[in-house]
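Subject: Structure for you to look at

Hello,

Here is the structure I promised to pass on. Please open it alongside this message, and my notes follow below.

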Amino acid sequence: MSVDVPRRIVLLRHAKADWPQVSDHDRPLAERGRKDAPLAGRRLAEAGISPDLTLCSTAVRTRETWKLVVHELPQRPKTVYEERLYEASLGELIALLNETSDDVSDLLLVGHNPGMHALADALAGEAEEGTRERMSRSGFPTSAVAVVTFTGSWKSVEHGVGRLSFFWAPHE
């Protein structure tokens with residue numbers, strides 16, 4: 001695949017998690033999360049977003065979110081459970097994007113805040129009208145989705161490279 005093709009980075013924050021007496025990594029989804037995650041999947045499908053590859057954090061809440069989201073998509077993408085997404089910094093997230101094969105045009109990350117919000121904000125040099133304001137106002141809540149588009153190689157992903165083209169949150 002040519003490196004000058006349009007690409008999409010889809011950022012999905014995990015759905016609402018519960019707070020039982022387990023490690024943070026092992027926290028499961030709360031009831032609201034189990035209801036909101038399929039809504040996020042339907043919204044992605046309605047927007048015509050069908051990723052080629054999904055990188056999902058290994059945390060229980062992200063894996064449960066992805067399981068509920070993917071059932072709503074028209075096709076199941078290749079999925080890699082990536083432990084580096086858990087508690088990843090902005091720099092670590094950009095490094096993961098830079099490792100992506102140029103055969104991938106649409107990449108979905110299922111991760112955590114503050115990383116998902118920081119990544120969307122950092123990559124978006126431009127934004128569709130009102131999109132950045134809605135994302136900032138909402139604070140990138142659980143089950144939120146942001147899409148950043150850019151043209152070029154994954155190795156060229158850096159601050160300001162893209163356009164925030166889509167933002168959705170279940171309770172905004």
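A word on accessibility before anything else: buried means under 20% relative accessible area, exposed means over 50%, and partly exposed covers what lies in between, using a 1.4 Å probe and protein chains only. This is a predicted model, in which local features need pLDDT of at least 70 and side-chain atom pairs count only at pLDDT 80 or more, while totals for chains, interfaces and linings use all residues. Residues are numbered from 1 along each chain as its sequence is written, and side-chain values use heavy atoms, with hydrogens and water left out.

Let me start with Phe140, which counts as buried because its relative accessibility is 0%. Phe140 has a phi near 55°, a positive value in a residue other than glycine. You will find Phe140 in the loop between helix H5 (131-138) and strand E6 (145-151); helices (H or I, at least four residues) and strands (E, at least two) are DSSP runs, numbered from the N terminus.

Glu87 is another non-glycine residue with a positive phi, this one about 60°. Glu87 sits in the loop between strand E3 (78-81) and H3. With a relative accessible area of 62%, Glu87 is exposed.

Then there is a cis peptide bond, from Asn113 to Pro114, with omega near 10°. Pro114 belongs to the loop between E4 and H4.

**Salt bridges**

How many salt bridges does a search of the whole structure find? The search finds 13, where a salt bridge is a side-chain nitrogen of Lys or Arg within 4 Å of a carboxyl oxygen of Asp or Glu.

One of them joins Arg8 to Asp106, with the closest N and O atoms 2.8 Å apart. This pair links distant parts of the chain: Arg8 is in strand E1 (residues 6-13) and Asp106 in strand E4 (residues 106-111), 98 residues apart. Arg8 counts as partly exposed because its relative accessibility is 22%, while Asp106, at 10%, counts as buried.

A second salt bridge pairs the side chains of Asp24 and Arg27, at 3.1 Å from N to O. Asp24 is partly exposed, with a relative accessible area of 30%, whereas Arg27 is buried at 8%. Those two residues also belong to a network of salt bridges that links Asp24, Arg27 and Arg61.

Arg84 and Glu82 form a further salt bridge, their closest N and O atoms being 2.8 Å apart. Here Arg84 is partly exposed, with a relative accessible area of 40%, and Glu82 is buried, with 13%.

**Helices H3 and H4**

Two packed helices are described by the angle between their axes and the distance between the axes. For helix H3 (residues 90-98) and helix H4 (residues 115-123), the axes come within 9 Å and cross at roughly 70°. Axes here are lines fitted to C-alpha atoms, for helices over the stretch in contact, and angles run from 0 to 180 degrees between N-to-C directions. H3 and H4 are therefore roughly perpendicular to each other, since angles of 65 to 115 degrees count as such, with those under 35 roughly parallel, those over 145 roughly antiparallel and the rest oblique.

Which residues meet where the two helices touch? Leu90, Leu93, Ile94 and Leu97 in H3 meet Gly115, Met116, Ala118, Leu119, Ala122 and Leu123 in H4, with contact meaning heavy atoms within 4.5 Å. Sorted by class, the contact of H3 with H4 has nine nonpolar residues, one polar and no charged ones. In that scheme Ala, Val, Leu, Ile, Met, Phe, Trp, Tyr, Cys and Pro count as nonpolar, Asp, Glu, Lys and Arg as charged, and the others, Gly among them, as polar.

**Two more residues**

Thr62 is found in helix H2 (residues 60-70), and with a relative accessible area of 0% Thr62 is buried. Apart from neighbours within four places in sequence, Thr62 is in contact with His14, Cys56, Ser57, Val110, Gly111 and His112.

Val5 lies in the segment before E1 and counts as partly exposed, at 22% relative accessibility. Again setting aside neighbours within four places in sequence, Val5 is in contact with Phe150, Thr151 and Gly152. The C-alpha atoms of Val5 and Leu107, 102 residues apart along the chain, are separated by 14 Å.

Best wishes
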